[in-house]
Amino acid sequence: MDPIRNPYAPGAGQRPPELAGRDEQLAAFGVVLERVANGRPERSLVLTGLRGVGKTVLLNALRGAAVRKGWGTGKLEARPGQGLRRPLSSALHQAVRELGHRNEDSVDHVLGVIKSFAHRDSGAGARLKDQWSPGIDAAAVRGRADSGDIEIDLVELFTDLGGLAADVGKGIGIFIDEMQDLGPDDVSALCAACHELSQSGLPVIVVGAGLPHLPAVLSASKSYSERLFRYQRIDRLSRVAADRALEAPAADEGAAYDADALAAMYDATGGYPYFIQAYGKAVWDLAPRSPITAADVAVAAPEAESELAVGFFGSRYERATPGERDYLMAMADVALTQAGAGGDEDSVPSSDVAASLGKKPQSLSPARDALLKKGLVYSGERGRIAFTVPHFGRYLRERG
């Protein structure tokens, strides 16, 4: 098969040629956009799931849907230890520009509020040359979104943004990737701002994406967060959707899979979108002709696994210290013991991990906490721990 015409795209956050299995989410979001723009009450949205299920791809697709409706949109990626003011200010600057409001005075006022909000990142009384600015020409608006209390400032900022959007009958969408990495104060402020928006009916929504424990992060910040957001769990694709993700791009290039090949691909990938793209690329490059067969999948499997071992699993494994790797390996062993070969996706008791290592649970808290901060594991419920990466346990066991 011609590698130049290979249609598959196993990249981080890169949209696949066929966004299969997400029609329901896209359709539901289309309704949200119309309702919000028409002043109807609607909750903000949170997407959760393991790494490799396509959360970032879907987040970008939802943002694209908002842009096509004439909304102003901005996107940011939360990072551990990074405050919210700077990335959010840049994202909102872009959103205001996209909105296309024609009243320059109104636009300048809101841009000035964004600038005031951004300047507080440098601390009160900072010299002008030390103040970070998101490239806004408008003068900062004193006394608005600049109190230094992130919760007060975010409510004031979102209120002004909502008023600007309401003027033109559109909305503003704020898209936040890796949302679980926001600091506690920023999470609390974001929830408070969304609460204010839900009460005022202003056309501003937040769409977040993060790991499975993101709802717990939000709930720990504000007890009412479960009523502020609509939560959607993004999971592996069904067999029908996985087949479509493979067949549609191949058909566009005049190629096809036989039935046994599709079955073999689903067995190998488990329906995880990133794995489908990785296997699809390897199989296409190594298959001699169309239709692609199960034998072609078997030949290409080592190449696909090697690519995943380096780019998907290995890059994460290398971030762990020797002690943290021991903890990860113990998790993999416990998962296999409790749930068989398919136990990689299941959470396991932290106490069992400690028992496997022959140590007391308290002595392993530093390693566990470090892995949580590095995003390699998550805790969806008290006393249990799970991998954020599908099939990671299998990778560890094969690695030895």
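User: How many cavities of 30 Å³ or more turn up in the whole structure?

Analyst: A search of the whole structure, which is a predicted model, finds two cavities of 30 Å³ or more.

User: What volume does the largest cavity have?

Analyst: The largest cavity comes to about 70 Å³ in volume.

User: And which residues line the largest cavity?

Analyst: Its lining is made up of Q25, A28, F29, V32, R43, L45, L62, R230 and Q232, and the elements that contribute two or more residues to that lining are α1 (23-37) and β5 (229-233).

User: Which element gives the most there?

Analyst: That is α1, which gives four residues to the lining of the largest cavity.

User: How does that lining split by class?

Analyst: The lining of the largest cavity has five nonpolar residues, together with two polar and two charged ones.

User: OK, switching to the second largest cavity, what is its volume and what lines it?

Analyst: The second largest cavity has a volume of about 30 Å³, and the residues lining it are A268, F275, Y279, E305, L308, F313, H391 and R394.

User: Which helices supply at least two residues of that lining?

Analyst: Both α11 (273-286) and α12 (294-317) supply at least two residues each to the lining of the second largest cavity, with the largest share, three residues, coming from α12.

User: And the classes for the second largest cavity?

Analyst: Sorted by class, the lining of the second largest cavity divides into five nonpolar residues, one polar residue and two charged residues.

Note on methods:
Residues numbered from 1 in each chain as written. Predicted model: local features only at pLDDT ≥ 70, side-chain atom pairs only at ≥ 80, totals over all residues. Heavy atoms only, no water. 1 Å grid on protein atoms, 1.4 Å probe; cavity = no way out; pocket = protein on both sides within 12 Å on 5 of 7 lines; lining within 4 Å. Points joined across faces, edges and corners; volume = space filled by probe spheres on them. Nonpolar A, V, L, I, M, F, W, Y, C, P; charged D, E, K, R; others polar.
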